[in-house]
Amino acid sequence: MSSYACRICHSSDYELVLDYGSVVPADAFLLSSKAIENEQRLPLTLVICKECRHLQTREVLDPAMLFSEYVWETGIPASIRRYCQEFADAVLVCAGNPEMPSIFEIASNDGTMLKEFKSRGSEVLGVDPARNIAQKANAAGIPTRVDFFGEEVAREVLAQHGEWDIVVARNVLAHVADLHGLIAGLGLLLGPQGTAVIEVPHLLNMYHELQYDQVFHEHIGYHSLDSIIRLCAMHELAVFDVEHIWIHGGTVRAYVTHAAGGRSPTPAVTEMLAEEQSAGILGLEVWQQFGDRAKTQKRLLRAELSSLRESGEMVVGYGASAKGQSMIQFCELDEGLVAYVADKSTMKIGTLAPGSHIPIVSPEQMRSDPVDVVVVFAWNFAREILEQEQEMRERGVKFLHPIPEPHYL
Ligand SMILES: [Zn+2]
């Protein structure tokens with residue numbers, strides 16, 4: 001583990017926001033109980049840079065350890081498919097509806113998004129570090145290079161394919177330690193009139209909704225529009241438009257171009273910056289409160305689950321996302337409080353959750369068991385889960401949303 005320096009401004013002056021203790025990386029699901037003895041607990045702390053106010057984890061792990069067999073596939077929930085269609089529509093409009101545009105995607109996962117552009121007639125190429133998932137994309141006809149994207153990979157892609165009309169970086173800034181390498185590489189690949197699209201979970205939602213479970217070893221930086229603008233400016237890139245969209249608990253979609261193009265920003269950019277400013281999230285004070293609010297939520301959630309256990313109710317969880325594992329470990333939940341967690345991902349069913357060792361089962365098992373309460377750990381898909389489990393709700397099963405304070409849906 002390297003010594004800490006802010007990953008935007010390189011200052012080493014920080015303030016502690018929340019200590020998660022010693023936890024297991026949130027994607028390290030165990031194939032069997034035999035693997036428990038080799039499980040590695042590592043410190044995790046959320047800090048804020050006193051210089052530029054970028055919120056980030058103090059710790060950075062070796063990315064090769066984290067992402068070589070990544071288990072998150074974008075191809076699963078139906079709402080993700082709807083999001084991909086909306087994304088492609090919006091991005092093509094904002095890029096000025098170029099004819100047959102070429103699209104390059106950083107961290108393209110299983111190619112779900114590129115498939116959307118390809119079906120509209122575009123040339124596409126993805127890069128993703130997870131070998132198993134990139135193989136799936138290639139098998140599905142979406143050319144995907146297995147690599148960590150940075151300046152070096154960008155130069156190679158540039159030499160082989162030239163510049164791109166549209167460069168997409170969804171949910172990747174949060175995962176990357178070398179932010180400058182990523183943005184520099186993005187700038188290299190972007191044609192002079194090109195449009196880059198950067199999406200990150202919005203720091204404003206993280207703050208308001210107490211999404212402290214966005215913090216885990218694989219998810220190390222939390223961005224505002226302000227931090228994206230500053231980072232881009234350091235690489236002669238400029239944000240010219242922005243949207244707030246619903247996915248991942250509230251996301252910023254920033255449209256970026258070369259600063260030299262002189263494109264003036266839309267009012268949406270100024271408005272969102274003002275909103276961030278007035279909420280106080282660009283200062284230090286609200287983040288101290290954030291840490292205290294998270295500790296209170298932990299106490300309330302544990303109290304609710306303990307009281308359910310005492311009254312003999314069967315409690316399970318839904319959604320074995322990395323976020324869920326962050327919350328489960330921060331709140332120190334175990335099988336005694338949450339019998340198991342149901343999830344659709346066939347890669348996760350039959351495994352044990354990292355750190356807590358709570359078993360992961362299929363949604364079918366959850367439906368056939370005498371469950372009383374379901375904790376919605378995948379709260380960002382709460383609506384979809386409620387619709388999907390309508391039959392359980394009709395039977396009187398209750399659904400507990402854990403944040404900002406535990407409440408029944
Ligand atoms: Zn900084």
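Me: Which residue is the bridge partner of G317 in β15?

Reply: In this predicted model, G317 has V375 as its bridge partner in β15.

Me: How many bridges link β15 and strand β16, and in which sense do they pair?

Reply: Three bridges link them, in the parallel sense, with β16 covering residues 398–401. Within this pairing, K398 of β16 stands opposite V373.

Me: What is the order of the strands in the open sheet, and what is the sense of pairing?

Reply: Four strands make up the open sheet, in the order β1-β2-β3-β9, with antiparallel pairing. At the edges are β1 (14–23) and β9 (221–222), each of which pairs on one side only. As for β9, two bridges connect it with strand β3 (residues 55–57) in the antiparallel sense. The bridge partner of Q56 in β9 is G221.

Me: Which helix packs on that sheet, and which strands does the helix touch?

Reply: Helix α10 (residues 285–310) packs there, touching β1, β2 (42–49) and β3. Its direction and that of β1 make an angle of about 25°.

Me: How do I read the length of α10 against what is expected?

Reply: Compare the span from the first C-alpha to the last with a value based on 1.5 Å a residue. For α10, with 26 residues, the span is 38 Å, close to the 38 Å expected.

Me: Which residues of α10 are buried, and what covers them?

Reply: Start with the general idea. An α-helix has 3.6 residues a turn, so residues three or four places apart point the same way. In α10 the buried residues are W287, F290, A294, Q297, L301, E304 and L305. Their cover includes β1, β2 and β3, along with α7 (203–208) and β12 (315–318).

Me: What follows α10, and is its phi positive or negative?

Reply: G312 follows α10, and the phi of G312 is positive, near 75°.

Conventions. Residues numbered from 1 in each chain as written. Predicted model: local features only at pLDDT ≥ 70, side-chain atom pairs only at ≥ 80, totals over all residues. Pairing = 2+ DSSP bridges. Contact = placed C-beta atoms within 7 Å. Axes fitted to C-alpha atoms, helices over the stretch in contact; angles between N-to-C directions. Expected span 1.5 Å × (residues − 1). Buried ≥ 20, exposed ≤ 12 C-beta atoms within 10 Å, placed from the backbone.
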